[in-house]
Each structure stands twice: as structure tokens, then as C-alpha cells.
Amino acid sequence: MSQLQEEGSGPVHGFLLSTVSSTQPTETGTTHERTGLDLAMKLHYVKAVCIYSAEAARELTVMHVKGPFFPIFNQIPWISGRLSRHDSGRPFIKCNDCGTRFVESQCDLTEEEWLRVSDRSVDESLVYHQPVGPELAYSPLIYIQMTRFKCGGLALGFSWAHIIGDALSVSHFLNLWARALAGEEVYCPKTTDSERGLPNPNPTGKEPGSIKRVDPVGDLWVAPSDSKMTTHSFNVTVKNIKTNFGANGNEFEILSGIIWRCIAQARGGGGSEPVTITIIRSDPNGLKPRAVRNSQMISSVHVDFSVAEAKLEEIVKSIGKATDERSEIDEIGESDDFIVYGAKLTFVDLSEVDFYEAKIKETSPVSVYCNVQGIGDEGAVVVLPAAVEEERVVTVTLPEDEMEKVKWELKKCGLIKTLINGE
Amino acid sequence: MSQAPMPDFSSSVKLKYVKLGYQYLVNHFLSLLLIPVMAIIAVELLRMGPQEILNVWNSLHFDLVQVLCSSFFVIFISTVYFMSKPRTVYLVDYSCYKPPVMCRVPFSTFMEHSRLILKDSPKSVEFQMRILERSGLGEETCLPPAIHYIPPTPTMDEARSEAQMVIFTAMDDLFKKTGLMPKDVDILIVNCSLFSPTPSLSAMVINKYKLRSNIKSFNLSGMGCSAGLISVDLARDLLQVHPNSNAVIVSTEIITPNYYKGNERAMLLPNCLFRMGSAAILMSNRRSDRWRAKYKLCHLVRTHRGADDKSYYCVYEQEDKEGKIGINLSKDLMAIAGEALKANITTMGPLVLPASEQLLFLFSLIGRKIFNLKWKPYIPDFKLAFEHFCIHAGGRAVIDELQKNLQLSGEHVEASRMTLHRFGNTSSSSLWYELCYIESKGRMRRGDRVWQIAFGSGFKCNSAVWKCNRTIKTPKDGPWSDCIDRYPVFIPEVVKL
């Protein structure tokens, strides 16, 4: 049995595990293949938490929450299957309706007390996470945690294996759940891998800069890392970014530029500066209709100048010239074990993702948190929408020993207004 | 009757016609005898001529006293006959519970849970997997919500909640189908073997539906999977004593408190096979129900082999080495079931078999016992006595064994196998799911005879014979309505998990 999620003595406790599957049996022997790009992401997991107010969610029982997942799994049965390997060693998904793990828990705090903490990375304890393995055939690909706060509020936490899809897919899944809960029919048209719309492969045959090969992990899909990583989350306003940091470009690019420069300054000049970064964002030419898949654009930016001393304008301009590396990743994805997030300093743009559209009783969640598990040593920054339209939530994951220096740099440049110890 | 083997096709066809001719002759013996008798009388009458017939008629002295006495005598005999005839008991209608689809347990989920719960006993997990692969169950059987947890949470509350869910849903459906008002229920019998709370499940039903205070209620527990037919027998006996009454029977098995938490292999079997289900049946002896009733109860034979120690101990509830309670199934179960069946059909045979089969059986018996001829024991052909068979879906082995013993074809046992596949072993209610399958397939015609056979701990073999009262239209709702078109399915010997 892989390492157990520690129940611990924290405020979240009382774990009751069960399984949620589909209502219609899938034909025996059905399988679902994964592309090279999917396989390259396999050591990562998307973790997302949506917190709903007591007014909206008080009357929902466990069966009310479990119920809408069943018709979704009828439509997308392969995400409730289990992994297996071909004779060649290539993983695929056996559609055996095994289901996803559903965890019920209680929290001793009220929702207000929980949300009072401005560093939203505390939400990580609302996600029941287990890696895939050591036995592929018995590892659920999705874990769903339902936490009931003392006041009646509800948190839904998802741990989602990146091999099946990206953060947009998690939001899509959550939206389908909310629609099914409201009584709507859910319908997910089948998609085929050939309609993926990847850009043409780069003929240079160079290994893509956005991913890093790691030592073989076998059947326990945990990203190896040398340093202990820590996460810090804070809010920024779009106005603050646009007015105080004069640069052209959208707020994600400006924000990325600012943080890149701060991290470069924190790491000291010279060779230890990150000159290559990875940008992960939605594909503007994204395929319709929405489906569960890895559709995000993974692009790489490389600069020749020193980022710590550069002007913000230049940095933002370079970010705008990021090159899409998905085709290259797709070609080599199955050959080895890779990490993508944190292979180089990674910036993930989720600011347009519709997490807040997943409404219970026509009320949006009061808070959404999203991060990735298994981030490499270079670190990652995830930009999310906030409950308030003019704000963004920024979640920074870096090695523990770097975090304080980076936080100081961020405060120095004016991005974080106040820095309270311990947050 | 054994004969020297004749390999020609034409001779086997000749044999078939000989057999058919023999059956027709013996079964209609009395009618056939009537023909020569009538012929003789007709010839005699013609010979006598009209004048002589008139003389014979006039010679009969019709005294008033004689006429009155004869009439009284005839009326008296008829009254005695009608009064002493047992009341006909009808099955008006019944309703089977369809579990919610959210309670479905696919094989892979069952096995994954098993591995997590029994993580210290991989051999037991392996054993469960092999049982499941060969069980004959499908991917749509259902377990109650409490058993879906890792580990299961079988509290008393959960057990009661399962009982309420399965019983009330079936009863609501029965009331709707039959138009029966709760206050009109005269007799209530609930049978559930392994869950017997206080107040009883029958009290729970009375409380929910506000049944009358002078209702005759019974709660049968501990009687195993054959308790359904024991309830029918009890209802029949009560309906003999109470005129113009009806009886509601609820047959179920509550799974929640009986999940075996240990790892003893012989006791893990029920976990793999038992699933959620229940049935509610309305029986009546009222003449007004005669027209709308579905079936008439013809015979009910109960056989108890408890006097024999081996039979008594073969399905035994006990604590394992770690003190966990479970049901131990002995390896001789099939042999004991075969013995119990033989005992049951020895009593049932003369009641239902046509004279031709009984005669053949008698000849075979005389030949073997008295003349010591080396004949094989003659197995009467029960297919001549019944159109449909409902064999308790206790497990694949039980159905295979009975199919072999009674020489039944695949179609005869189809209802049993498909019920096991779709619903699993629902214990005492499985016979009713099987009957519903036959009706859903549109095979039930007026006059068809059905044989329900149930086995249960003790060891008991109970069987009931019903005669279809009216051709039954394919039901629009019911547990089979959404999947009957997919059936029958081919069930492989071993399912690859």
C-alpha cells in the first residue's frame, strides 16, 4: 500500500473512504490509450479545492454529493478505470469501472475561520492525495474529498492524476458535477486523439527545454525531488499589476515577468539565475467541445540576458515569444520518466479557467485553490482567478530555503503589500 | 426404462413416438375407457328400440319419498364436499425491489476493496477473486451503502435503514399495483433470516403503514434462504382458517450486518454472493380476487433434513478463530442439497407427475427392488409436469446440480441463471425475481405450471407449485424492465478479471 495520507491531529479528520463508479457497466476488455504528452505528465497530479458557503451547501448529504458523479462516469468511463501496462511497458487505462475514491471528512473550524487565513495553501489539507502505485492496477486516478465545516459549509477537494487531464479538465469535471447536481442532463461527446491539433513538430530534433528526464520511478509515480518544497499563496489585484508595473501585455505575462525577476534576484546573479522558464496556459485555438484531456499549451522561453537586472518590458516581451513544445514532448513522452512542472521555473496560467462556474444552488464557490503535486526543484507559480473579478490568486511553490528570500523580493517590488510572519 | 442401445436415427424417432403414444394412453386412460363404454351403451340402446326403452323408464317407480331422499342425499354429499375442500389460495400480485443504480458493485471495485480490507491475508483475497470469477454474477449486482465503505460500517442504524429502503419500496410498489389499502391487510408475514431487531421488521412495517391493530403479524427469522416458501406455507394455512382474507408476505435478506470481517476462506463465500433484494407478495382467498389473481397455489411441499447431523451443520453460523462471526459453508453442500432435493421430489412427484411417469417410476422401482434387475433408477421427467422452473439462485453450483439432477434444458434454468447474473443471490426473494423474469419475457400463459424450489440452512428443501391463472402481459415496470432486452446473456465459465 503506498504511503497513506496522514490523517494527523489537524482540524480535518474523521476520514471515511468509499468508492464512486458508474451506473452502466462498460464492456469487458475496453481500453483507453494515452498519448506521449499524457505520459510525460504522469508524475504530476492536479490538486483543486472548491469551498462552498453554508447557505448553498448545508442541505447536501453525502448521497447528494456522490450522486451526480455517476452519470458523469457513465459518459467518461475511462477516468474511473485502472492503469495497466502493455507488453512493451507502455501504460494504458483498462476501463473496468473500478471507480474513484471518495473520502468524507469533518473540519472542526467554521468556514469563516478557515478562510480567514490569507495564504490559501492551507487548502492542501482538504485534498486526499495518494500517488499512483506501487500497484498500478489498484490505484485510483482520482480522489474526491468532501469536507464538512462546523458551520455547514462544504469543501470539495480533488486529487487528479495528470495523465488523464490538466487543470482545465478538472474544472470541466467539476462543472459537469454541478450541472448534474442541479438536475441537468450531462452529455460528453467522445473525442479522438487524432483531433488534438498539435502544432507541427520542430525538425531540429532538440530535446524540449520544458521537461526534464528523471531516474526511472517504476510503478510508483512520485516525482523525485532533492529539496523539500513549500507553497505560499497570496492575492493580487489586476489594477495593481497594470498601474504600478507599466508594461504591455496581459496581466498573466506581466505577473510572470515580475515574479521571474524577483526569483532571479533572490537566487543571486550569475549562473544560478533561471534563464529558461516554462509557460503553461490554455490553447487559444483549443479544440471544442471541452473534454477531459491534456490540452494545455506547454511552451518554453529562453533569454540571453540577465533577468535580475533586466527591464520588465523586455522580460514580458520574451514571454510573449514562447515556443509551443507539445509536439516534441509528445514524441518522447513514452520513452522515459519526466517531470514538466518545475523542470524549469514554471508559470501556469489558469486565470481564465471557469472554476467559479461550478455553482451549487446558483451560488459560486467562495474560494477556489489549485496547485500541482510533484513540482520539481525549479519551482512553479500558478495563477488562478479569485472570487472577486479584479483579483488573482497566485500560488508559488519553491524549495523551502528559497521561499523567504523570494517573499522578501516580492514585497520589495510591491507585489505583496504586507508580509505577516508565518503566512 | 433401459433398453439395448439402438444407434439408428430412425429407431430413436420410433422410440420417441412410442413414448408419446404411451404417455397419451396412460394419461388419458379414463377418457379413452369412456369411448368403448359409450359405444356399448349406444349399441344396446339401438338394439332395444324406443318401445322397450319407454317400458324400462315406466318400470322405475318414482315415489315422492324416494325422490326427496335421493335429492337430499345428493345435496348433503355436495355440501360436505364443498365445505371440506381446502380454500383455494391465490397469489394476486407481487413486487420485486430494484436496488438504486448507485449501489452497483462492479467486480473490479469489489476486488479492490477486498484487497484493502484484507491487506494482511493475500491468500484470502486470491480465494475471493477465484470465487467471483466463477460465481455467475454480473457487473450490475448491488450492495447496501454501508458495505461500500472501506472498511464497511455495519451499524444497527445502517441495517435498519437498508431494511426500510428495501422493504418499503417493494411494499409501496405492491400497494400501487394491487390497489390494496394498508388498513385492509389481514395477515402480515415478514421473513428475514439474519437481521432480527427489536421491535421486529413486521412491527416496523406495521408502524410505517399504520396497519390495523388486529392484524395477524409474524416475523420469521433464522430460517435461511428457503424462508420465502415457508412464509407462503404459513400464509396458506392461515388463509384456510380465516375466510375472506388476504395476506402480505415480505421476503428479504438484510446484508448490512452480515458482512464477514474476518479472513477464514469458507466464511468469505457469502460476502461474494449475497446481494441486496426483496419481494412483497399479496395472497388472498377471496372469491373477488379470483379474476385478477396471477397464480393459484396448487401444492407446497416442505422437507427438513435437520435430523441428519451432516445436513444440520452444513450451513452453520459461527465465530472464527479471531472471534468474528460469519457463516461457514461446508464442502458437502452440493451433495446434501442433492439429497434434500431427492427427499422433496419423492413427496412432490406423486402430486404433480402425470400417471404415465408415475407408472414408469413404479415399474423401475419394482424391477430394481423386488426383481433385483440392474436398472438405473428412473428419473421422472418433470418437464411433463411443469412449463417453468424457478430454482433458487443460491450460486452457480446449485443451479448446475439441479439442472443435472432433473435433466432440465438451458431454457428451463435460464430464469435462475439470469437472476443470479443480474441480481446476485438475494436469498429468499430470488424465486420472485426469477418468476418476474419469466413474465417479463412474455412466456407466462394461462394454465402454465411453475415449480419453485428453494434450499436453506437446516438443511431444508421447500418447493411450491403454482398454476398461472391468466396470461400475463409483459410488465412495463419492475426490476427487469430496463434490461430484459439484453437477456439472456452468455455467462462464461470463468470471467477474466
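Predicted model: local features only at pLDDT ≥ 70, side-chain atom pairs only at ≥ 80, totals over all residues.
Residues are numbered from 1 along each chain as its sequence is written, and chains are lettered from A, and ligands numbered from 1, in the order in which they are written.

Helices (H or I, at least four residues) and strands (E, at least two) are DSSP runs, numbered from the N terminus. The record places "domain: Beta-ketoacyl-[acyl-carrier-protein] synthase III C-terminal", also from an unreviewed entry, at residues 387-467 of chain B, a span with 40% helix and 25% strand whose end C-alpha atoms lie 10 Å apart.

Strands of a sheet pair through backbone hydrogen bonds, either parallel or antiparallel; here, two strands are taken to pair if DSSP finds at least two bridges between them. In chain A, three strands form an open sheet in the order β2-β5-β4, with antiparallel pairing. Strands β2 (31-32) and β4 (82-85) of chain A stand at the edges and each have a single partner strand, so one side of each is left without a neighbour in the sheet. The antiparallel pairing of β4(A) with β5 (residues 91-94) of chain A runs over four bridges, and Phe92(A) in β5(A) is the bridge partner of Ser84(A). In chain B, strand β1 (residues 90-96) is mostly covered, seven of its seven residues being buried, where buried means under 20% relative accessible area, exposed over 50% and partly exposed in between (1.4 Å probe, protein chains only). This strand, β1(B), pairs in the antiparallel sense with β6 (residues 278-284) of chain B over six bridges, Asp93(B) having Leu282(B) in β6(B) as its bridge partner. A further antiparallel pairing joins β1(B) to β7 (residues 295-304) of chain B over two bridges, with Lys296(B) in β7(B) as the bridge partner of Tyr90(B).

Aromatic pairs were assigned to rings of Phe, Tyr and Trp (its six-membered ring) with centres within 6.5 Å, planes under 30 degrees apart counting as stacked, over 60 as edge-to-face and the rest as tilted. By this rule the count comes to 28 aromatic pairs over all chains. The rings of Phe175(B) and Tyr209(B) have centres 5.1 Å apart and planes at 70°, so this pair is edge-to-face. It links distant parts of the chain, 34 residues apart, with Phe175(B) in helix α6 (residues 156-178) and Tyr209(B) in helix α7 (residues 201-209) of chain B; both Phe175(B) and Tyr209(B) are buried. Phe386(B) and Trp451(B), by comparison, form a stacked pair, at 4.9 Å centre to centre and 20° between the planes. Here Phe386(B) lies in the loop between α12 (355-369) and β10 (388-391) of chain B, and Trp451(B) lies in strand β11 of chain B, 65 residues apart. Phe386(B) counts as buried at 2% relative accessibility, and Trp451(B) is buried with a relative accessible area of 0%. In chain A, one aromatic cluster is formed by Phe69(A), Phe73(A), Phe158(A), Trp160(A), Phe173(A) and Trp177(A).

Grid points are joined across faces, edges and corners, and a volume is the space filled by probe spheres set on the points. About 1100 Å³ of space lies in the largest pocket. Its lining comprises 41 residues, of which Leu269(B), Leu273(B), Val315(B), Leu329(B) and Leu333(B) are the closest to its centre. The largest share of this lining, five residues, comes from α9(B). The structure also holds four cavities of 30 Å³ or more, and the largest cavity has a volume of about 180 Å³.

Note on methods:
Heavy atoms only, no water. 1 Å grid on protein atoms, 1.4 Å probe; cavity = no way out; pocket = protein on both sides within 12 Å on 5 of 7 lines; lining within 4 Å. UniProt positions renumbered as here; feature names shortened; annotations may be inferred.
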